Amino acid sequence: FGGRLMKISTGFEELDRLLALLPTTVARKMVREVARPAMKGMKKQIQKAAPVKSGRLKKSIGLKAMKRSRKFIGVRVTTDSKNGSPVYASFSELGTGEAKDRKKIRWMYRAYLRKRKRTNLIFAKKLGKAIVKWAKDG
């Protein structure tokens, strides 16, 4: 089903306009293929910022595709509960209410803020290249 029934919003007007010209299935596939490589730098930044006691939290940080849906396409940075406790991850990020050192909480969010512009630019560049390649080959 290759209709143009959905609008893909990347945050870049020119890319959104170009994606709107493509069949929906092609546009969605492109976004999925480009999102993971673009997010690798974000993952590394968050791993670098993670507090280390045993190293399990840092090892548990990874990339996961968002659940397939008609509304959202993408990749997210998450912790894998097999390698670390998701409860510990949330406590270390948000605090327990008894946190003595407030500078240590929100480490993941601060790492995200440091890397988000660069990640968005990498995503836009890779997506632009994918669109040009598809136009030439297609």
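Q: How much space lies in the largest pocket, and which residues lie nearest its centre?
A: On a 1 Å grid over the protein atoms alone, a pocket is an open set of points where a 1.4 Å probe fits, with protein on both sides within 12 Å along at least five of seven lines, and lining residues have an atom within 4 Å of a point. In this predicted model, the largest pocket holds about 490 Å³ of space, and among its 23 lining residues S9, T10, I73, G74 and F123 lie nearest the centre. The elements that give two or more residues to this lining are α2 (24-49), β2 (75-79) and α5 (107-137).

Q: How do the residues of that lining divide into nonpolar, polar and charged?
A: Asp, Glu, Lys and Arg count as charged, Ala, Val, Leu, Ile, Met, Phe, Trp, Tyr, Cys and Pro as nonpolar, and the others, Gly among them, as polar. Here 13 are nonpolar, six polar and four charged.

Q: Does Q45 count as buried or exposed, and which residues does Q45 touch?
A: Buried means under 20% relative accessible area, and exposed over 50% (1.4 Å probe, protein chains only). Q45, found in helix α2, counts as buried because its relative accessibility is 18%. Contact means heavy atoms within 4.5 Å, and, not counting residues up to four places away in sequence, Q45 touches A111, R114 and K115.

Q: With which residues is Q47 in contact?
A: Leaving aside neighbours within four places in sequence, Q47 is in contact with K58 and I61. The C-alpha atoms of Q47 and W107 are separated by 9.9 Å, with the two residues 60 apart along the chain.

Technical notes. Residues are numbered from 1 along each chain as its sequence is written. This is a predicted model: local features need pLDDT of at least 70, side-chain atom pairs count only at pLDDT 80 or more; totals for chains, interfaces and linings use all residues. Side-chain values use heavy atoms; hydrogens and water are left out. Grid points are joined across faces, edges and corners, and a volume is the space filled by probe spheres set on the points. Helices (H or I, at least four residues) and strands (E, at least two) are DSSP runs, numbered from the N terminus.
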